[in-house]
Amino acid sequence: MNLEDSPAEAAYRAKVRAWIADNAPDWGGHAKDELRVWTEPHKQVAHAWQRAKADGGYACINWPVEQGGSGGTTIEASIFAQEELNAGLRFTYFMTGLEMLLPALLRFNTDPLSRALVPPAVRGDTIWCQLFSEPSSGSDSAGIRTSAVPDGDEWVINGQKVWNSGAQISDYGMLMTRTDPSVPKHKGLTAFWVKMDTPGLEVRPIMMMSGDAELNEVFLTDVRIPDAQRVGGVGDGWKVIIATLMNERAAIGAGGGLGWAEIMKLARDMPGIDGPAMEDPAFREWLADWYVNAEGIRLLSFQTLTSLSRGQTPGPESSGGKLLWANQTQDLTSMALDIMGHFGVIDHGDDAIGGGAFQHRFLWAPGLRLGGGSDEIMKNIIAERILGLPGDPRVDKDVAFKDIPKGR
Amino acid sequence: MDFDYNDDQKALKEEARRFLTNVAPLSAVRAVYDAPELGHDAALWQRVAREQGWCGTAIPEEYGGLGLGYVELCALAEELGRALTPVPFGPTVYQFAESLLLAGSEAQKQAVLPQVAAGELVGTLAVTEGPGVPSAAGISTRFADGRLTGAKLPVTDGMAADRAVVLAQDGTGLSLFLVDLRGEGVTVGPLSVLDPSRGGARVTFADAPAERLGKAGEGLALLARTDDRAAVLYAFEQLGGADRCLEMARDYALERYAFGRPIGSYQAIKHKLADVFVKNSIARANAYYGAWALSADAPELPVAAASAHIAGAAAYWLASKENIQTHGGIGVTWEADCQLFYRRSRHLALIMGSPRLWKRRLIDRIETREASRAEQISKGAAA
């Protein structure tokens with residue numbers, strides 16, 4: 001048991017910390033917290049940082065050199081990510097492409113056309129989004145109905161996608177389609193990469209309950225895609241989904257943001273009922289439980305890092321991280337509003353406590369319990385893959401997709 | 001970053017599991033339930049303490065121990081907890097030996113610790129006298145002229161113990177004393193307790209000869225430090241028990257059928273057991289952090305120990321009660337083994353103060369830590 005870096009890890013951390021300090025991007029005269037995510041000025045800062053990392057050899061640290069990475073270790077990539085986070089420079093724009101989609105794409109495609117997509121993505125010149133989920137294919141991620149029909153060297157795509165994070169600013173998408181409805185649902189899927197400005201493809205942002213609009217609907221009407229943009233074989237789409245979703249859960253489980261230190265400050269600063277909440281035994285007991293869970297999630301990532309640093313495959317220990325973190329975030333924000341009392345209802349403007357940060361997160365938290373696998377799906381995964389309990393009886397398993405009952 | 005058992009520690013743990021599987025089946029726990037006045041399995045204790053020599057794991061070689069370290073002791077604690085081993089290991093090793101290491105004079109350590117390491121001596125702490133957190137107002141046991149008078153209860157393994165560390169008034173406040181429970185002036189009687197395999201006793205002193213342990217007036221402070229160290233070790237026992245409960249519930253859910261399917265194929269059961277898995281993962285992460293802090297004697301120990309105890313108690317509670325629930329009606333019978341874990345989970349959660357007390361301590365300690373960090377930062381800025 002040792003929480004310290006090994007000498008090699010410590011040396012690497014010192015090196016990248018210095019490099020990050022020397023190469024941090026210019027925020028264009030703005031304070032870091034002032035720029036909202038998904039706005040153009042914020043994206044420009046992120047783009048500049050991504051380019052600097054690419055030039056410095058820190059963009060895709062643990063990718064092989066021949067794929068445009070630095071050939072480093074996963075531990076090095078994790079150390080860099082920690083230092084980047086500490087410096088307030090961890091941006092989401094490029095994660096979908098670089099941490100989920102392109103690694104999967106490179107696993108299935110080795111042709112020059114596919115490989116040429118990588119260098120601009122590594123430099124942050126292109127942004128990728130995932131086009132998997134559909135109105136009737138959420139947790140049931142193999143229930144995709146968007147159809148791809150061959151026509152000469154092309155495929156003709158018709159259908160609708162939803163919950164596509166960042167599609168409104170993306171240059172490329174990884175698109176999942178059904179190419180054969182006459183076989184059971186997992187077998188008739190095929191993946192493609194697609195340029196988001198292809199004719200017939202329309203992106204419509206979805207206004208979420210938090211007021212954010214980074215998620216979208218994507219409509220596809222007679223979109224024509226050359227067969228050369230197919231990812232993997234015809235009918236291999238489920239394998240592509242699996243390869244990307246596992247990465248998504250790992251990325252979402254990483255956590256961050258408002259935590260125990262912030263709510264302790266709030267509990268000291270607010271007048272409270274008969275004194276600040278920080279002096280209320282009921283609140284202190286709640287805080288102890290929250291802290292132990294939050295620390296547990298943070299420490300589980302150290303267990304994962306330890307496996308990686310020993311050259312082993314990480315165990316299932318962090319599978320619960322995303323599940324618990326999402327619920328912890330919801331509990332934290334609800335408690336923070338409780339501490340504000342009647343003032344907790346003010347969510348924006350000069351009168352809002354802390355600029356309304358807890359209120360914004362309160363409205364955003366329900367989505368955390370759904371994105372990247374809902375609570376219920378995560379519990380099924382833990383029960384089936386880790387505990388070895390049987391899957392639910394599947395009425396659609398051996399049925400041709402076109403014959404599966406549809407409902408709403 | 002090395003946040004796991006190393007290969008040697010894993011091997012030690014596997015060996016311990018094999019040994020305990022062979023010599024300490026749950027029928028051994030039940031045998032103690034049937035003879036609760038014993039409070040432990042004496043033959044098993046001989047094997048664990050003398051044959052295996054586990055009591056000396058973390059005791060330094062200069063005091064007759066193996067000097068292996070605390071992570072090794074944590075690994076053994078996890079296995080002992082998993083097997084519900086009905087022996088006085090925790091009170092002797094985590095509490096009695098630790099309080100001697102912390103507070104004992106060189107002569108006291110030389111006299112007592114080699115006996116503990118050799119498995120020749122059972123020790124325990126005798127602290128409380130009634131409900132409530134031990135305080136000057138709540139302790140009436142008195143020390144004067146080398147003799148102790150008063151009554152202590154509940155004393156875990158009091159029936160088995162040869163020596164005890166006792167908290168008593170001595171005119172300067174509360175101090176610790178070392179007492180021979182086999183000597184004159186000591187009466188020990190059994191108490192009926194929640195977990196009969198962790199036997200409880202009432203220990204009465206009437207002018208019993210005692211010697212001072214540590215400085216006068218520092219009893220509560222020394223006890224708090226001992227408690228932190230023991231809390232980490234007991235957290236591993238709780239973790240081992242919680243994991244075993246999850247495995248029992250999983251196995252039963254696979255073999256029990258209802259409505260034509262294994263009950264483990266229903267989400268009502270699957271999601272319940274997934275919640276237990278997550279809670280156990282959090283307990284393990286916090287326990288490892290405690291093991292690191294204990295083995296490195298890190299300044300984080302007070303926070304880490306409280307966290308480990310809170311997470312361990314919460315996980316064991318959930319796992320032991322949902323194990324019964326998963327078993328259905330059979331789970332609440334005397335015959336089913338579920339009750340053994342349910343009882344032990346509460347015993348371990350309460351024995352050094354309730355989780356509610358430890359939650360209060362945790363937040364106090366976080367505030368202290370944050371204040372000292374803020375002070376360091378402002379000093380740094382001033383310099």
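Colleague: Hi! Which residue is the bridge partner of A:Phe192 in β8(A)?

Modeller: Hello! In this predicted model, A:Phe192 has A:Arg230 as its bridge partner in β8(A).

Colleague: And how do β5(A) and β8(A) pair, parallel or antiparallel?

Modeller: Antiparallel, over two bridges, with strand β8 of chain A covering residues 230–231.

Colleague: What about the pairing between β5(A) and β4(A), how many bridges are there?

Modeller: Seven bridges join β4(A) to β5(A), residues 189–195 of chain A, and the two strands run antiparallel. Within that pairing, A:Met176 has A:Ala191 as its bridge partner in β5(A), while A:Thr177 stands opposite A:Thr190.

Colleague: Nice. Which strand runs parallel to β4(A)?

Modeller: That's β1(A), residues 128–131, which is joined to β4(A) by four bridges. One pair to look at there is A:Cys129, which stands opposite A:Gly173 in β4(A).

Colleague: Why is β4(A) described as largely enclosed?

Modeller: Seven of the seven residues of β4(A), 172–178, are buried, so the strand is largely enclosed by the rest of the structure.

Colleague: Which residues cover each face of it, then?

Modeller: On one side of β4(A) you have A:Tyr172, A:Met174, A:Met176 and A:Arg178, and on the other A:Gly173, A:Leu175 and A:Thr177; all are buried, and both faces are covered.

Colleague: How many residues of β5(A) are buried?

Modeller: Five of the seven, so β5(A) too is largely enclosed by the rest of the structure.

Colleague: Switching topic to the two chains: how many residues are in contact?

Modeller: On chain B 36 residues are in contact with 34 residues of chain A.

Colleague: Which helices of chain B supply that side?

Modeller: α7 (219–255), α8 (267–296), α9 (301–327) and α11 (355–382) of chain B each supply at least two residues. The most comes from α8(B), with 16 residues.

Colleague: And what's the make-up of chain B's side by class?

Modeller: The side of chain B that touches chain A has 21 nonpolar, eight polar and seven charged residues.

Colleague: Last topic, domains. Where are the bounds in chain B?

Modeller: The domain assignment gives domain 1 as 7–117, domain 2 as 123–217 and domain 3 as 221–382.

Colleague: How many residues of domain 2 of chain B are in contact with domain 3 of chain B?

Modeller: Nine residues of domain 2 of chain B are in contact with nine of domain 3 of chain B. By class, the domain 2 side has five nonpolar, two polar and two charged residues. The C-alpha centres of these two domains of chain B lie 28 Å apart.

How values were computed: Residues numbered from 1 in each chain as written. Chains lettered and ligands numbered in written order. Predicted model: local features only at pLDDT ≥ 70, side-chain atom pairs only at ≥ 80, totals over all residues. Domains from an automatic or database assignment. Contact = placed C-beta atoms within 7 Å. Nonpolar A, V, L, I, M, F, W, Y, C, P; charged D, E, K, R; others polar. Buried ≥ 20, exposed ≤ 12 C-beta atoms within 10 Å, placed from the backbone. Pairing = 2+ DSSP bridges.
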